[in-house]
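Morning, everyone. Please take a look at the next structure, and then we'll walk through it together.

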Amino acid sequence: ISLCRRSPVRPAWQRQRLRRARNLAAAVVGRAAELAAEEKATVAWAEAGSEAVTATVREAEAMAGAAGAAAERREAAAEATVAAAEMAALAARRVQTRRPRTT
């Protein structure tokens, strides 16, 4: 009969190494999860910022379009005013250069 009994329990130094390896693996996995969450938050923040910039650009384009249309209307009104003034001046010259009728 052997006095040496095989114990199913590992020696303390082996258990300590396993415990350290498990803790390290858990810490690595936990940190990776934190980084993934931070990255997801950063991406969401960047997307929101991008959407805000896009909306601002669209709004600025719309304002520029409205300003351009208003400028075109002002230009057309100015051209019409100039044309009306030229027609009035021409009519005035015609009236001044008309000779009285003699019968």
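How many helices and how many strands does the protein have? The answer is 1 helix and 0 strands. Keep in mind that this is a predicted model.

Now the surface. The protein has 103 residues, and 1% of them count as buried. It exposes about 9,800 Å². Carbon and sulfur atoms supply 61% of that area.

Next, the charges. Side chains of opposite charge can pair when their charged atoms come close. How many salt bridges does a search of the whole structure find? It finds 2.

Take the pair R31 and E34. Their closest N and O atoms are 3.0 Å apart. Where do these two residues sit? Both are in helix α1, which covers residues 12–97. They are 3 residues apart there, so about one helical turn separates them.

Now the pair R31 and E38. Here the N to O distance is 3.9 Å. The cut-off for a salt bridge is within 4 Å, so this pair counts.

R31, E34 and E38 are linked in a network of salt bridges. R31 takes part in the bridge with E34 and in the bridge with E38.

R31 has 40%, so R31 is partly exposed. E34 is at 44%, so E34 is partly exposed. E38 is at 43%, and that makes E38 partly exposed as well.

That's my part. Over to you.

Technical notes
Residues numbered from 1 in each chain as written. Predicted model: local features only at pLDDT ≥ 70, side-chain atom pairs only at ≥ 80, totals over all residues. Heavy atoms only, no water. Salt bridge = Lys/Arg side-chain N within 4 Å of Asp/Glu carboxyl O. Helix = DSSP H or I, 4+ residues; strand = E, 2+ residues; numbered from the N terminus. Buried < 20%, exposed > 50% of the residue type's maximum accessible area, 1.4 Å probe, protein only. Areas by Shrake-Rupley, 256 points an atom, 1.4 Å probe, with all protein chains shown as cover.
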